[in-house]
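Visitor: I have a structure open here and would like to go through its packing with you. Could we begin with one of the helices?

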Amino acid sequence: MKNSSNVYQSGIQFRFKKGDSIGELDAESDDLLLSECFVDTGDYDTLTDCSKPQCVAVGRTGSGKSALLKRVVQCEERVIEIIPENLSLQYICNSDIIKSLEAAGAKLDIFYNLLWRHVLSTELLKYHFKLSTEEKTKSWLNSLLSSLKAKDQAKERAVKYINEWGDKFWQETEYRIKEITQKLETDIHAELGVDISTVNLSTAGKKREELEQITEVVNKAQKVINNIQIKSLSDVMHFLNEDVFNDKKVKTYVIIDKLDEGWAPDQVRYKLIRALIETLKNFRGISSVKILVAMRRDLLETVFSETRDAGFQEEKYESLFLGITWTKGQIRELLDKRIRQLVKARYTGSSLGLDTIFPRQVGRIDFLNYLATRTLYRPRDAIAFVNECLVRSEGKQAITATVIQQAEIEYSTKRVRALEFEWITHYPKLLDYFSLIERQPDSFRISSISRDKVEAYALSHMDNINSNDPLDHASTKFINGGSTHAFATTLVRCLYHIGVIGIKTDSFSPIRWSYMEAVSPSEGQIKPSSTIYIHPMIWSRVGTLTKS
């Protein structure tokens, strides 16, 4: 197949070398190219504008959330980075008192909120006043006490709180986590007159009298939790706004990333993340400070699902979220910049870019359309595809259409593995789902998913039911007399959610893709006559039968 790129007319004797790539797939390993090849999608200005509420960058894995926060670190003068893994939050999880209270059903939301307010307030004070040693901290504290003494009640409460905790501001953040948790443990112990960790709060098999005693213990502990110093911390935040960060021209940012990593057991982690989101609203009151957080969309969905309580209203948080999305043009710009950077490393001032290195078409399809339709419009997908092409182009001057088609085979397999890793919490048996759409046409009606295929899938999983897997639940219902369409609806909703299928619910509706819109089709909208479209990204992996 003839290559229609312009590299041969460029005048540069460029050839790809072994190991060439246009970047790593994770932001942590891609610092240089992130700096040199940043693409402005408009999200940076929104995120760094302290007058705008959006402070949580939300998107799929590989959408550029971490890269966006890294850009803030690179470009802004006053930035504090907080890494959850370094906070010693395991100390909370290992606390016998906290574990006992959680198991007994005590509401620790107020404590978790206090924890974040305390950590963020003290980090801001430590940074602003350069409290790096015990000596500097004591000097600052003495100066503060003398300058704010008896100004007003709110300031007095703020100063009292700062005085209580301030002598340790110079310590690492993890110290403060332990310090405030130990304070709660001590207060609960004092209220109860007994070490709660030695009390069996399990209600299983207990008599009425024992249950009443457990309830009394939990209620007393809850009283201590409810009375912790939220009011004093609110006064501290007013102090930060009015007396510390009161110059609106001087912006300070606090960056929190890596919330999706295993820095705490899931159930506690979800509650801590929910508390962090609540705390972000509180810090909106400090006009020249902005707390910036990166969060995977699936993690956010899980947090809200697992911490949902009476009266929960998800929409009240919507203003905090900034959805990270990309257009085809922005993906083109990203790839072009990275390819130029790769070539520039060897040929200073060269102008070899995307159009020069790649063919204009693959078959009858424009190359950029070919590539974009095989991604979920995420930078990571596009970079991964190009890197697979580079692996197969060692010693060549340009990438041919044949190489692109060969690279797609490995790319498709790796993207499915990446999806399995991304969605393992929601869909533990995701890889098995693909057997139900293998060797299907690229579009088909839901009614074409046969009863025999569904029955074979359900029976093969009956001996190994995973309670967390929605398709296992659907399999159980099918075996117990459920309909084929009910099973197919569950399958479609799962695969739609992760982005590997689109759906046209009826003849009057457009094709819908989850990475293009936030609202999923309801069960009622999914009919036997609805048409399913398999995403080109996985065609090679599942052996999709295409018309061309």
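Visitor: What covers the buried residues of α20?
Guide: This is a predicted model. In it, the cover over the buried residues of α20 includes α19 (430–433), α21 (470–479) and α22 (484–498).

Visitor: And which residues of α20 are buried?
Guide: Helix α20 spans residues 451–461, and its buried residues are V454, Y457, A458 and H461. They lie on the same side of α20, because the arc they cover around the axis is only 95°.

Visitor: Why might such spacing work in general?
Guide: An α-helix has 3.6 residues a turn, so residues three or four places apart point the same way.

Visitor: What sits on the face turned away from the buried side of α20?
Guide: That face carries D452 and S460, both exposed.

Visitor: Changing topic: how many residues are in the largest nonpolar core?
Guide: The largest nonpolar core has 165 residues, and I256 and F358 have the most contacts inside it. Helix α6, residues 109–128, gives the most to this core, with 9 residues.

Visitor: What does I256 touch, leaving aside residues up to four places away in sequence?
Guide: Its contacts are L69, I82, P84, W116, L120, L276, I291, L292, V293 and A294.

Visitor: Now the aromatics. How many pairs are there in the whole structure?
Guide: The search finds 13 aromatic pairs. F304, Y317 and F321 form a cluster linked by ring pairs.

Visitor: Which ring has R374 over its face?
Guide: R374 lies over the face of Y370, 3.7 Å from the ring centre.

Visitor: Last one: is C389 buried or exposed?
Guide: C389 is buried, with a relative accessible area of 1%. C55 also counts as buried, at 3% relative accessibility. The disulfide count is 0.

Technical notes
Residues are numbered from 1 along each chain as its sequence is written. This is a predicted model: local features need pLDDT of at least 70, side-chain atom pairs count only at pLDDT 80 or more; totals for chains, interfaces and linings use all residues. Side-chain values use heavy atoms; hydrogens and water are left out. A nonpolar core is a set of buried Ala, Val, Leu, Ile, Met, Phe, Trp, Tyr and Cys residues joined through side-chain atoms within 4.5 Å. Buried means under 20% relative accessible area, exposed over 50%, partly exposed in between (1.4 Å probe, protein chains only). Helices (H or I, at least four residues) and strands (E, at least two) are DSSP runs, numbered from the N terminus. Contact means heavy atoms within 4.5 Å. Rings of Phe, Tyr and Trp (its six-membered ring) pair if their centres lie within 6.5 Å; planes under 30 degrees apart count as stacked, over 60 as edge-to-face and the rest as tilted. A charge sits over a ring if NZ of Lys or CZ of Arg is within 6 Å of the ring centre and within 35 degrees of the ring normal. A disulfide is a pair of cysteine sulfur atoms within 2.5 Å. The arc is that of the directions from the helix axis to the C-beta atoms.
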